[in-house]
Amino acid sequence: MSVVPDEPHVADTSEGPGACASPNASDASDTPNEAAPSAASHAFTGNPEPVSERDLHFMTLALAAADEARAAGEVPVGAVLVCGDEVIATGFNHPIGAHDPSAHAEMVALRAAAASQRNYRLPGCELYVTLEPCLMCAGAIMHARIARVVFGARDPKTGACGSVVDAFANTQLNHHTTVTGGVLEHACGDALRSFFAERRRASREARAAAAATAQAPHTDLPS
């Protein structure tokens, strides 16, 4: 029997995208940046700048990747990794099917991009993901030297971009990634909510069918 993942608590907030920062393709060294991004660079602070068409486009592609996770029976989270204006990798969440606790959408996209670029560093690249990255994914993002993360729905249970912890705002860490949250937040959150609503419905129907079977009169079979 497969393990059913915990349902992420998707915050039901209005869409409030933050500032868009241009990737710094030259930031490939291991030396710390001169200045860490302030809290104002994070979408959580309510930066009034509108969402760019570019961000909407790539988040729509991440949502399409999330649909692949749903089709596989996995929690629908998708990611795309962008270099300039080119998608160099996509990934969708599938830890159950892969028997891999690290097979989150971000991790899958990072692995594919690193393999295609033949480099474990991906400076100047941007990662678009439909759900706020967890602490594991945040660590991998920093190790890969991703310039910017753009996420859709917030995750108040495990989010590491400000919902639970803010890994990217820690000035003691060597690499600093710009974060924009809330892009297509409602669409990304609805994908998750509908998935778990359907799973709960199917579970109720299975329990009801099992109860009906247990209560049905038993017919003696002929000897």
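Visitor: What do the buried residues of H1 pack against?

Guide: They pack against strands E1 (78-83), E2 (86-92), E3 (125-131) and E4 (148-153), and against helix H5 (185-215). Keep in mind that this is a predicted model.

Visitor: Which residues of H1 are buried?

Guide: Asp-55, Phe-58, Met-59, Ala-62, Leu-63, Ala-65, Ala-66 and Ala-69 are buried. The word calls for under 20% relative accessible area.

Visitor: How do you know on which side of H1 they lie?

Guide: Look at the arc. These residues cover only 165° around the axis, which puts them on the same side of H1. An α-helix has 3.6 residues a turn, so residues three or four places apart point the same way.

Visitor: What does the face of H1 turned away from its buried side carry?

Guide: That face carries Glu-53 and Ala-71, which are exposed. Exposed requires over 50% relative accessible area.

Visitor: What comes just after H1?

Guide: Gly-73 does, with a positive phi of about 80°.

Visitor: Which residues of H5 are buried, and what do they pack against?

Guide: The buried ones are Glu-185, Cys-188, Gly-189, Ala-191, Leu-192, Phe-195 and Phe-196. They pack against H1, E3 and E4.

Visitor: At what angle do the axes of H3 and H4 cross?

Guide: The axes of H3 (residues 105-117) and H4 (residues 135-143) cross at roughly 25° and come within 9 Å. Angles under 35 degrees count as roughly parallel, so H3 is roughly parallel to H4. The crossing is left-handed.

Visitor: Which residues make the contact?

Guide: H3 supplies Glu-106, Met-107 and Leu-110, while H4 supplies Met-136, Cys-137, Ala-140 and Ile-141.

Visitor: What does Ala-140 touch, leaving aside residues up to four places away in sequence?

Guide: Ala-140 touches Met-107 and Leu-110. Contact here needs heavy atoms within 4.5 Å. Ala-140 and Leu-110 are 30 residues apart in sequence, yet 8.0 Å apart in space, C-alpha to C-alpha.

Notes:
Residues are numbered from 1 along each chain as its sequence is written. This is a predicted model: local features need pLDDT of at least 70, side-chain atom pairs count only at pLDDT 80 or more; totals for chains, interfaces and linings use all residues. Side-chain values use heavy atoms; hydrogens and water are left out. Buried means under 20% relative accessible area, exposed over 50%, partly exposed in between (1.4 Å probe, protein chains only). Helices (H or I, at least four residues) and strands (E, at least two) are DSSP runs, numbered from the N terminus. The arc is that of the directions from the helix axis to the C-beta atoms. Axes are lines fitted to C-alpha atoms, for helices over the stretch in contact, and angles run from 0 to 180 degrees between N-to-C directions. Angles under 35 degrees count as roughly parallel, over 145 as roughly antiparallel, 65 to 115 as roughly perpendicular and the rest as oblique. A crossing is left-handed if the near helix is turned anticlockwise from the far one by less than a right angle, and right-handed if clockwise.
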